[in-house]
Amino acid sequence: MNQKILDQMKNNFLKTNPIFTTPKNVHPLEQRIVLKNYQVIDPESIIEYIAKDGYQSISKALKMTQEDVVNEVIKSKLRGRGGVGFPTGLKWKFALEYESDEKYVICNADEGEPGTFMDRHILEGDPHNNIEGMMIAGYAIGATKGYIYVRAEYPLAAARLQKAIYDAKELGILGNNIFDTNFNFNIEIRLGAGAFICGEETALMESIEGKRGLSRNKPPFPAQIGLFEEPTIINNVETIASITSIITNGGEWYKKIGTEKSTGTKVFSLSGKTKNNGIFEIPMGISLREVIYNIGGGMKEGSTFKAAFTGGPSGGVLDETHLDVIIDFDSLVKYSSIMGSGGIIIADQNNCIIDTIKHFMEFNADESCGKCTPCREGTTILYNMLDDITKGKSSMEDLEKLKHLAHVVSSTSLCGLGQAAPDPIFSAIRHFYDEFVDHIKHKVCKAGVCDMPVTKGGE
Ligand SMILES: Cc1cc2nc3c(=O)[nH]c(=O)nc-3n(C[C@H](O)[C@H](O)[C@H](O)COP(=O)(O)O)c2cc1C
């Protein structure tokens, strides 16, 4: 494959085929960068991807130096979409600077958080865009091998990726001497077995290495000592899916979208009690109110807004006083919540906050890898304490003990799972303290969810 053939393929296809149309369900507030081809092209057709300027970005990147590609990503101020928001360009710079004969690129498509389904749609809708993004990352840091770690519960995403890799190899896009240069790159898929911990970058690498998914100590960070002890960059699906547009249009273009510190767009998955649920891509900085009442179409018939759970089982919960807070990496943190990877779950009057965070804690306790004591033991004890509250068996003194243990677990756990598992507790106590008092002192669950002596409606 070379530039001339790529252009010819594109032009020949466009001569005989209709122009692509934008899907009708794109909301006016949306700006589609990551989802540029979603429901526009046939995801199983490499030629349709090429017709939409596919593989032009890697071709452009290969004409740049590795440093220039990294600098373009730094300029864009893109921050990782896997939840933490670490600057992507900086991560690439570290990996480029470490000298090694072998380096790796990993695309993290584990997506195990309840209420999140963005990455699944991104991969199912446009697998080639991720392959191209990984190729650019590989070239930028000097890697020749990439892995996509997809959860096995996403068989369609895995099958489409497999086909895309096969087709790209057949056309000589993946493989050796890509675009007549000395850049070689290959990609393999690894299926995860449905463990949330395997989304954590170090546990994920253990899993690819064929070991049990247990997190490693950090430092060293993966950019220095990663997969098979080689420098490795691991990025989320959406992060990688943003790369082709950044290389095509430039970092300056990208950084003008969104907010100053959270540039670009973000794909969210909305679920719960709003009329419209699903995924959408908006510039960073749109308020929760717009998400719920504009994009989400408002609350379902008979539902009144009570709370928004953001950032999944390690995130937080917001009430109606936060509706005008904008959603980006930094704003929600001020209100004891996070944007996380982009899952938003909307609750109404029939949802009990304590019961919901109890289920989040149950999830974290189940998914703890067990390597460190605070997380292994602590998440289960926290779950039991929350369970007691939902059964009317707690005192206000127990609430103090709950807070204390939550602090211990978050400050002493080895990895992000245990460190963030107690966060919904802090956030719920801050914003829904009365609901704790109702359950503990008055033995009432006003939502009518918990098995209390007094049920719906209260006293
Ligand atoms: C328990 C746990 C699960 C995680 N799951 C995922 C995941 O499914 N996908 C993901 O991209 N990042 C996940 N992360 C974050 C990764 O460790 C890592 O920060 C991310 O893949 C880096 O990519 P980014 O810089 O593009 O965000 C998880 C972290 C923890 C602690």
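The model is predicted. Four strands form an open sheet in the order β3-β2-β1-β4, with parallel pairing, while helix α4 (residues 66-76) has buried residues that line one face.

**The sheet**
- The edge strands are β3 (186-192) and β4 (232-236), each of which pairs on one side only, and the twist averages 20° from one strand to the next.
- Strand β1 (residues 104-109) pairs with strand β2 (residues 145-151) in the parallel sense over six bridges, and I106 stands opposite Y147 in β2.

**Helices on the sheet**
- Helix α8 lies across β1, β2 and β3, and runs at about 165° to β3.
- Helix α10 also packs on the sheet, where it touches β1 and β4, and its direction makes about 95° with that of β4.

**Helices α6 and α8**
- Helix α6 (residues 118-125) packs against helix α8 (residues 155-170) at an angle of about 35°, with the axes 8 Å apart, and the crossing of α6 and α8 is left-handed.
- In this contact R120, L123 and E124 of α6 meet L156, A157, R160 and L161 of α8, which by class gives four nonpolar, no polar and three charged residues.

**Helix α4**
- The buried residues of α4 are V69, V70, E72, V73 and S76; seen down the axis of α4, they fall within an arc of 155°, so they line one face of the helix.
- On the other side of α4, E67 and D68 are exposed.
- The buried residues of α4 pack against α3 (56-61), α5 (88-97), α7 (127-141), α10 (237-249) and α11 (251-255).
- Just after α4, K77 takes a positive phi of about 60°.

Notes
Residues numbered from 1 in each chain as written. Predicted model: local features only at pLDDT ≥ 70, side-chain atom pairs only at ≥ 80, totals over all residues. Axes fitted to C-alpha atoms, helices over the stretch in contact; angles between N-to-C directions. Helix = DSSP H or I, 4+ residues; strand = E, 2+ residues; numbered from the N terminus. Left-handed = near helix turned anticlockwise from the far one by under 90°. Contact = placed C-beta atoms within 7 Å. Nonpolar A, V, L, I, M, F, W, Y, C, P; charged D, E, K, R; others polar. Buried ≥ 20, exposed ≤ 12 C-beta atoms within 10 Å, placed from the backbone. Arc of directions from axis to C-beta. Pairing = 2+ DSSP bridges.
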